Amino acid sequence: MGRIEKMQLAIFGAKSIALGVCKAIRELYKEFEVVGFLVSNKFENPDTLAGLPVYELSHFKDKNVCILIATPEDVQEGIVRSLEDYGFHNHICVNSEKESALMEKYYTQIGIFQPLQMLSIGRNILSETQVYMAKSHKDKPLKNEKRLPVWVIPIQVGASFTQERIAEVLDCNGENISHKNANYSELTALYWIWKNCLFGNKDKGNKYYGLFHYRRWLNVSDENQKRIVDSDVDVILPFPTIYEPDISEHHARYIKESDWDAMLQALRELAPEYYGAYNEIFAQEYLYNYNILIAKADVLERYCKWLFPILERVEELSVPKGSERADRYMGYIGENLLTLYFMYHKKEMNIVYTGRVMLT
């Protein structure tokens, strides 16, 4: 018999989304061959990814290859125009919905990161879920705005910096760190949840609390919520983003080395057991991005009680100190600490995963 030719694909993008899409296709769809990655230019992009070459678009000549655009959605429209200008007319945009479905299938296939949607629905008990969605008066209007579920409550972050009001709940009311929003980003909302919803609240019951962004949600439907209490879920996290060679690639892009060193010193001082696990956890390729999650009230309270003293110590140790800058670095450090915390506890917690909804 003759050799069956595989359909060839190229992936536009050379960062984490593109890497995940490549791994999933290789695992799930053997009839396709990924021949490489395409980028507008090689500046700040690798020469190879997943063992495949990374080409500048202007140097890639095969016009018959189907191109999957695996980048953040807000830049996909411009990429389509560039592809058309170069004569590439066979292309598909991998939006967040398609990416989520693909990665859910991939993680199910390889048997890690249990999907929320795989849990059974038993007693039809709805959890009491209260998720706050961080919004800023500086946010750009959304092209594809979605209707909020009744259990998602907008909270204005950085509200202490402006008199403009875009939500009824403000992160500057009650006990708060609203004035730190320029560094903490959405984490000023998480602090507000901790201090004003969880701290000292003995009547938590089956309540779940969480944090979304105005552009980044977890894909949790009302039906999915029926699975949460029934399966005694501790926390829902986004399917992890994949980095190569490991998740140090993330902090190398977004966090100064001196700030990273400050985080490690804070861990040594305040959470030595987590510091002891740091090398093993950060040597793997999976990172929980965006500081979005839903968790049992007591689980989220313990996480916040662990997280914020570490971040406060990082502020003191970093150069310049947190009070002398405004560059979102604490939000990026928070993503890495969220990964460290829940990876550390993955054997004792019932953690499930779902896709991200990315609005543009």
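This is a predicted model: local features need pLDDT of at least 70, side-chain atom pairs count only at pLDDT 80 or more; totals for chains, interfaces and linings use all residues.
The chain has 11 helices and 17 strands, where helices (H or I, at least four residues) and strands (E, at least two) are DSSP runs numbered from the N terminus. Its radius of gyration, taken over C-alpha atoms, is 21 Å, close to the 21 Å that the globule rule gives for 360 residues, so the chain is as compact as a globular protein of that length; the rule itself is 2.2 Å times the number of residues to the power 0.38.

Residues are numbered from 1 along each chain as its sequence is written, and side-chain values use heavy atoms, with hydrogens and water left out.

Along its principal axes, the C-alpha trace spans about 70 × 55 × 45 Å. Of the 360 residues, 53% count as buried, meaning under 20% relative accessible area, with exposed being over 50% and partly exposed in between (1.4 Å probe, protein chains only). If we take contacts, that is, heavy atoms within 4.5 Å, between residues at least 6 apart in sequence, 73% of them join residues at least 24 apart.

Let me turn to the sheet. Seven strands form an open, mixed sheet in the order S9-S8-S7-S10-S15-S12-S16, where two strands pair if DSSP finds at least two bridges between them. Its edges are S9 (169-170) and S16 (351-354), each of which pairs on one side only. Within the sheet, S10 (residues 207-213) and S15 (residues 293-296) run antiparallel to each other over four bridges, and Gly-210 has Ile-294 of S15 as its bridge partner.

Next comes helix H11, residues 329-344, whose 16 residues should span 22 Å at 1.5 Å a residue, and whose end C-alpha atoms are 23 Å apart, which agrees; the expected span is 1.5 Å times one less than the number of residues.

Finally, how many disulfides does the structure hold? There are zero, a disulfide being a pair of cysteine sulfur atoms within 2.5 Å. For Cys-22, the nearest cysteine sulfur, that of Cys-66, is 14 Å away, and Cys-22 is buried at a relative accessible area of 0%. The sulfur of Cys-304 lies 10 Å from the closest cysteine sulfur, in Cys-197, which is too far for a bond, and Cys-304 likewise counts as buried, at 0% relative accessibility.
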